[in-house]
There are 4 protein chains.
Amino acid sequence: MSSVGDDAETDTEATTRAGVVGASGFTGGELCRLLTAHPEFDLVQATSREYENKTVGSVHPNLRGVDLRFSDPTDLESVDTLFTATPHGVSMEHVDEFFEAADTVVDLSADFRLDTEEQYDEWYDGHVAPEYLEKAEYALPELNRENLTGAELIASGGCNATATMLGLKPLVDGGLIDSNDRVVVDVKVGSSEGGAGGGAASSHAERSGVVRPYAPTGHRHEAEIEQFLGLSTAFTVHAVDMVRGASATGHVFPGERVTKGDLWSAYRDAYEDEPFVRLVAGGGGVYRYPEPKAVAGTNYAEVGFELDPANGRIVVFSAIDNMMKGSAGQAVHAANVALGFEETAGLEFGGLHPVGAP
Amino acid sequence: MSSVGDDAETDTEATTRAGVVGASGFTGGELCRLLTAHPEFDLVQATSREYENKTVGSVHPNLRGVDLRFSDPTDLESVDTLFTATPHGVSMEHVDEFFEAADTVVDLSADFRLDTEEQYDEWYDGHVAPEYLEKAEYALPELNRENLTGAELIASGGCNATATMLGLKPLVDGGLIDSNDRVVVDVKVGSSEGGAGGGAASSHAERSGVVRPYAPTGHRHEAEIEQFLGLSTAFTVHAVDMVRGASATGHVFPGERVTKGDLWSAYRDAYEDEPFVRLVAGGGGVYRYPEPKAVAGTNYAEVGFELDPANGRIVVFSAIDNMMKGSAGQAVHAANVALGFEETAGLEFGGLHPVGAP
Amino acid sequence: MSSVGDDAETDTEATTRAGVVGASGFTGGELCRLLTAHPEFDLVQATSREYENKTVGSVHPNLRGVDLRFSDPTDLESVDTLFTATPHGVSMEHVDEFFEAADTVVDLSADFRLDTEEQYDEWYDGHVAPEYLEKAEYALPELNRENLTGAELIASGGCNATATMLGLKPLVDGGLIDSNDRVVVDVKVGSSEGGAGGGAASSHAERSGVVRPYAPTGHRHEAEIEQFLGLSTAFTVHAVDMVRGASATGHVFPGERVTKGDLWSAYRDAYEDEPFVRLVAGGGGVYRYPEPKAVAGTNYAEVGFELDPANGRIVVFSAIDNMMKGSAGQAVHAANVALGFEETAGLEFGGLHPVGAP
Amino acid sequence: MSSVGDDAETDTEATTRAGVVGASGFTGGELCRLLTAHPEFDLVQATSREYENKTVGSVHPNLRGVDLRFSDPTDLESVDTLFTATPHGVSMEHVDEFFEAADTVVDLSADFRLDTEEQYDEWYDGHVAPEYLEKAEYALPELNRENLTGAELIASGGCNATATMLGLKPLVDGGLIDSNDRVVVDVKVGSSEGGAGGGAASSHAERSGVVRPYAPTGHRHEAEIEQFLGLSTAFTVHAVDMVRGASATGHVFPGERVTKGDLWSAYRDAYEDEPFVRLVAGGGGVYRYPEPKAVAGTNYAEVGFELDPANGRIVVFSAIDNMMKGSAGQAVHAANVALGFEETAGLEFGGLHPVGAP
């Protein structure tokens with residue numbers, strides 16, 4: 001099979017063969033977009049049962065110039081790296097097949113995010129391939145870079161968990177909070193988080209303009225946050241009127257009062273060398289705090305904070321594109337690390353201004 | 001002067017003369033809308049310095065059929081009730097003039113919301129008519145109905161405070177929380193909250209699609225909440241992409257665990273007789289929790305809650321139209337109570353479905 | 001069965017029994033909203049197969065306070081007036097049953113809008129009750145008021161046709177254009193026009209922000225326009241990002257040049273006595289032309305025009321709420337005329353300002 | 001001065017020095033975005049009087065990682081190519097200064113788009129540097145590629161004219177229409193077209209959700225269309241609820257009937273070798289016609305058509321990002337051609353899916 005995307009970017013030197021399973025979904029489409037323009041990857045297959053033989057551009061209009069058709073997911077090409085963007089529960093059923101087709105598997109579902117079968121069973125339903133849980137590495141390089149090099153099974157994180165953890169991690173690492181402290185996380189997300197499916201609640205007429213509490217308590221992403229940060233969060237998610245984006249506001253009550261200087265130190269230490277994290281904390285202008293639309297389409301996260309003198313509260317803001325830093329971008333970033341590519345390869349797009357409600 | 005709005009509603013029996021100061025602003029326009037269709041009030045004057053002699057419909061297109069022109073605010077008609085929708089700080093300078101023109105003054109600014117000069121000075125700048133603070137009654141009937149009858153100076157509450165207090169009050173009254181308990185309030189509001197002014201940050205290109213933390217800490221509406229509920233809240237406001245609406249999510253950690261039954265009892269006790277509060281707590285369908293767009297244009301508040309078994313947190317949701325229940329509607333409601341009218345007079349509109357991002 | 005909506009409006013004198021078939025859909029919900037607050041109608045039944053026994057408020061959150069549950073459409077109550085808001089093709093199958101249950105039937109589908117079976121067959125598929133076509137009266141009072149009094153079968157018009165005809169009719173009646181003149185109509189509509197169904201194209205993620213040509217040619221509403229105005233229009237519809245609203249721009253090339261004075265005469269003659277048409281043609285301010293959001297939720301139409309000196313073109317603008325003036329409001333207006341009620345009864349709501357994308 | 005954007009893209013070999021005048025505006029920001037990631041250009045200066053010494057990222061949040069500060073426009077660096085994104089009328093006053101600083105000037109205003117002083121005076125106010133009009137080349141390569149090579153003064157086209165001309169040109173070139181044929185153009189645009197200024201009409205509360213006819217007749221972009229295509233268009237522009245995007249629908253009545261085959265031939269002939277034009281005409285899926293949100297952020301234009309059998313009308317659709325293909329992207333594309341770079345250099349971004357209302 002010949003490589004695709006020749007008309008979009010000259011990736012003639014791309015030699016790492018890649019495939020995408022579940023390519024007609026939203027995050028599958030993002031993977032196709034990133035991989036066809038990636039300097040190292042050569043996208044050779046994109047599967048979709050529903051749209052078999054149709055061009056990827058017939059579903060994803062931004063890929064109209066890409067010369068690739070969806071193929072049957074039961075007939076996987078042999079590739080170096082396989083990205084799987086299937087609904088939760090599907091990848092664990094097919095993970096053996098995935099590894100027959102590829103050396104490296106990067107999964108975007110929740111199937112391999114947690115460390116143990118016990119954890120999985122607590123938050124999801126029974127795992128059918130628990131032996132892979134230990135083998136899997138969490139994709140977020142800001143949390144897990146050291147373990148990603150050479151990883152064979154990579155689990156891209158949950159979008160809300162990603163936004164939350166990027167916001168809170170510097171406080172934990174900096175010793176400013178610990179597991180005894182009260183942490184409330186109030187998340188606002190766009191409609192793409194629900195995937196390409198649909199249904200009455202997702203229709204434009206019903207979904208437009210909402211501030212809809214859709215996961216008031218018990219959100220499964222709490223499990224990832226606890227696993228990585230050791231924090232039990234009081235976590236609530238609201239749907240708001242945008243398509244892309246997740247904005248997490250952490251209301252954190254440290255055991256001991258902290259200063260603005262403590263916060264700057266902690267966040268600078270955590271992120272000064274991170275290529276995809278922008279610190280945005282006050283200053284002038286229109287965009288004084290992290291803003292999801294400022295990172296729409298990108299792999300960047302914006303992180304910022306304020307201190308509430310009235311009660312010692314640290315207010316932490318983080319903003320990502322849920323489909324990029326919160327899913328497909330994170331997956332490609334992790335693959336770049338795992339395979340020894342330039343970390344930012346294929347992820348250079350920096351976003352638009354002005355932009356509406358992407 | 002003849003009465004107006006004859007073509008819209010037959011209010012031929014309306015005999016209480018009303019005026020609106022600051023009628024070209026957003027909440028001033030709402031007052032004109034409500035009063036021209038009100039069965040008791042006869043709107044005889046609407047002032048605007050900037051638009052003097054223009055029709056109210058030239059600024060407020062929904063009032064195009066109303067036969068009334070803006071007039072000079074320095075030449076107030078004698079009325080029974082004067083509604084003042086001026087920027088903060090203006091009403092306290094002119095309150096004596098207002099009472100020369102009217103028996104009853106209903107002010108929509110922050111000038112008379114707090115009880116004492118000390119409180120005012122803590123959150124705003126020096127008060128120039130502190131002698132009126134004690135005289136003023138807070139407008140929200142759900143909090144203060146018993147004091148409104150016959151009140152001469154009524155202070156309509158802050159929109160974010162209104163949403164928050166309607167959500168939390170049943171917990172306080174029901175004895176489920178007290179001032180020692182941790183209460184985080186995360187508010188999402190529409191662009192009309194900023195008023196008719198404008199500026200780069202309010203332009204459509206910059207303001208569309210935001211999840212913008214515009215008051216991370218120190219919001220002045222905390223003062224009202226503390227005054228009425230005795231609660232010190234950790235309060236943060238985000239601007240989201242809607243024009244009308246305020247949605248407040250309270251994350252409340254009671255000293256002792258409560259049950260779902262405790263919550264139902266508390267909220268039913270508080271609101272079962274309230275004509276403008278709808279309890280919305282779970283159930284099926286698309287709209288399971290309070291939703292600002294479901295009350296857009298109305299004087300209704302929706303209030304609901306969930307219980308987080310993981311940590312005992314009570315999650316409280318409340319949704320209002322910031323310009324109605326959060327301002328002009330609340331003002332008319334309070335005036336109805338003060339003057340002995342039917343409480344719901346002129347406030348019957350129940351909202352639209354479906355509706356986008358009103 | 002007792003009447004409903006007592007808590008919303010005091011319609012204790014309402015004595016005309018009404019029912020709504022297809023009440024869980026968008027226009028069915030509008031009918032319920034209008035009829036529960038109508039001074040003459042007493043809504044006694046609202047049918048929905050899918051939501052039988054659920055409250056109407058469980059589907060339409062603006063009706064949460066209404067004490068009425070959906071019932072089985074095969075068990076119709078005896079009423080005076082039955083409003084039927086079913087998909088195209090359903091009413092003609094059940095029209096005999098409808099008349100067994102009611103004296104007057106007001107149908108919101110396309111089934112009875114055209115005069116003859118031939119016309120119907122040209123634009124739709126075979127009619128199963130063609131004997132009713134002649135009996136049916138088109139609902140739009142601005143076009144057909146003289147025939148509505150006492151009508152037993154009323155056909156509410158298509159929303160795009162309604163907007164278009166209200167814009168063009170004065171030109172025809174005023175003799176400024178005739179069937180030989182070129183008329184292009186470019187319509188922009190909201191997502192509620194597609195009904196409560198859904199599907200991938202209607203999902204929020206795909207439908208947000210579009211300027212989507214969804215009926216480039218051959219739109220069925222052309223048939224109504226030709227029937228009533230004798231004009232063959234070059235007609236194209238675009239979906240844009242709003243939920244409610246239809247805006248029709250007519251680009252009209254009269255055989256002989258007309259003046260601005262001709263236009264003002266024609267439009268004033270046509271609409272000066274119409275209670276639900278506002279002429280909006282230039283002037284100052286932000287809203288210089290008809291604007292759908294200015295009439296959202298109302299039965300008003302805004303109509304305006306400009307003259308293009310470069311080529312003699314008349315540019316006609318009209319804006320309505322597709323679910324109100326374009327459907328349910330028009331139906332109630334027609335019923336008011338048919339039954340001899342005050343024309344504006346139950347339709348007084350004048351809209352909101354500011355308002356987002358309703 | 002050192003080059004900027006090193007952290008975004010490795011443009012270490014970029015050797016053509018570029019500057020942007022008017023860099024704090026919307027299209028100026030787009031130029032900065034494109035040039036910092038461009039493989040040939042090295043952006044050495046971005047001017048803004050208002051924001052002098054502030055970072056470009058303080059105004060354009062997507063450029064937060066770019067190490068460049070605004071400087072005074074009266075102190076221009078010596079560069080190879082100067083891009084000027086100033087309000088209409090400014091460039092013609094300073095064009096001599098521009099050429100003192102640069103060999104090539106690419107202007108984004110309307111100052112040099114028209115060929116003669118007579119044309120300019122007809123549509124704008126008196127030109128102060130008419131001697132440059134003949135020298136200037138129109139930027140749109142699809143219209144004017146052959147004259148761009150080596151051009152020293154390039155005039156980027158109007159966004160609405162660009163969209164319109166890309167839609168209609170194949171009909172003219174293919175001999176399917178001529179200047180005697182009736183052509184109506186109905187354009188829908190986003191709020192970024194108004195620039196970064198603001199004002200009440202542009203505020204989020206007023207501008208959201210509109211279908212606002214803001215240029216019903218006499219739009220200045222008609223001049224460009226007539227100059228290049230020889231067509232006099234009946235042209236009307238509507239503002240709709242998006243930030244980026246222009247969608248032009250042409251309603252064209254050819255003197256003789258054409259077939260779908262004629263259209264396919266004409267459009268394929270025109271665009272089969274164009275790197276930035278996608279033909280989108282029917283087919284299945286959600287996106288069957290040109291859609292502005294599908295090209296948001298990109299330099300692509302989508303063009304499509306339908307044939308109306310009822311009247312022989314050709315309906316032409318074209319969609320662009322007004323700030324990219326309609327302004328800054330077109331400018332960079334033209335500069336690429338003028339300077340002999342790869343045409344697509346720096347313009348590879350292909351857009352996002354799904355995306356809201358960018």
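Helices (H or I, at least four residues) and strands (E, at least two) are DSSP runs, numbered from the N terminus. The structure is a predicted model.

**The contact between chain D and chain A**

- Chain D gives 36 residues to the contact, and chain A gives 36 residues.
- The area buried between the two chains, D and A, is about 2800 Å². Carbon and sulfur atoms give 58% of that area.
- D:Arg64, D:His353 and D:Pro354 supply 25% of the area that chain D buries against chain A, more than any other three residues.
- The interface of chain D and chain A has 2 salt bridges. One of them joins the side chains of D:Glu302 and A:Arg64, with an N to O distance of 2.6 Å.
- Between chain D and chain A, 19 residue pairs are in polar contact, counting pairs with both residues at pLDDT 80 or more.
- On the side of chain D that touches chain A, the elements that give two or more residues are helix H1 (26–36) and helix H2 (56–59) of chain D. H1(D) has the largest share, with 3 residues.
- By class, that side of chain D has 17 nonpolar, 10 polar and 9 charged residues.

**Annotated positions in chain A**

- An unreviewed UniProt entry lists A:Cys159 under "active site".
- A:Cys159 belongs to helix H6 (residues 159–173) of chain A. Its relative accessibility is 10%, so A:Cys159 counts as buried, the cut-off being under 20%.
- Apart from neighbours within four places in sequence, A:Cys159 is in contact with A:Glu193, A:His221, A:Ile320, A:Asn322 and A:Gly326.
- The UniProt annotation "binding site", also from an unreviewed entry, covers A:Ser24, A:Gly25, A:Phe26, A:Thr27 and A:Asn322.
- A:Phe26 sits in helix H1 (residues 26–36) of chain A. A:Phe26 counts as buried because its relative accessibility is 5%.
- With neighbours within four places in sequence left aside, the contacts of A:Phe26 in chain A are A:Ser192, A:Gly195, A:Ala196 and A:Met323. A:Phe26 is also in contact with C:Ala205 and C:Glu206, and with D:His353 and D:Pro354.
- A:Thr27 is also placed in helix H1 of chain A. Not counting residues up to four places away in sequence, A:Thr27 touches A:Ala85, A:Leu108, A:Met323, A:Ser327 and A:Ala328.

**Helix H1 of chain C**

- Helix H1 (residues 26–36) of chain C is mostly covered, with 10 of its 11 residues buried.
- The buried residues of H1(C) include C:Phe26, C:Leu31, C:Cys32, C:Leu34 and C:Leu35. C:Glu30 and C:Arg33 are among them too.
- Within chain C, the buried residues of H1(C) pack against strand S1 (16–21), strand S2 (41–47), strand S4 (79–84) and helix H10 (324–339). They also pack against helix H7 (204–207) of chain A.

**Cis peptide bonds**

- C:His353 and C:Pro354 are joined by a cis peptide bond, with omega about -10 degrees. C:Pro354 lies in the segment after H10 of chain C.
- In chain D, the peptide bond from D:His353 to D:Pro354 is cis, and omega is near -10 degrees. D:Pro354 lies in the segment after helix H10 (324–339) of chain D.
- D:His353 and D:Pro354 are also two of the three residues named above for their share of the area that chain D buries against chain A.

**Positive phi at Asn53**

- C:Asn53 is a residue other than glycine, yet its phi is positive, near 75 degrees. C:Asn53 counts as exposed because its relative accessibility is 53%.
- D:Asn53 has a positive phi of about 75 degrees although it is not a glycine. D:Asn53 is found in the loop between strand S2 (41–47) and H2 of chain D.
- The relative accessibility of D:Asn53 is 51%, so D:Asn53 counts as exposed, a class that starts over 50%.

**A buried serine in chain D**

- D:Ser327 is part of helix H10 of chain D. D:Ser327 is buried, with a relative accessible area of 7%.
- Leaving out neighbours within four places in sequence, D:Ser327 is in contact with D:Thr27, D:Leu108, D:Ser156 and D:Asn322.

Conventions. Residues numbered from 1 in each chain as written. Chains lettered and ligands numbered in written order. Predicted model: local features only at pLDDT ≥ 70, side-chain atom pairs only at ≥ 80, totals over all residues. Heavy atoms only, no water. Contact = heavy atoms within 4.5 Å. Buried area = accessible area lost by both parts, 1.4 Å probe. Salt bridge = Lys/Arg side-chain N within 4 Å of Asp/Glu carboxyl O. Polar contact = N/O pair within 3.5 Å; in protein donor to acceptor, adjacent residues only side chain to side chain. Nonpolar A, V, L, I, M, F, W, Y, C, P; charged D, E, K, R; others polar. UniProt positions renumbered as here; feature names shortened; annotations may be inferred. Buried < 20%, exposed > 50% of the residue type's maximum accessible area, 1.4 Å probe, protein only.
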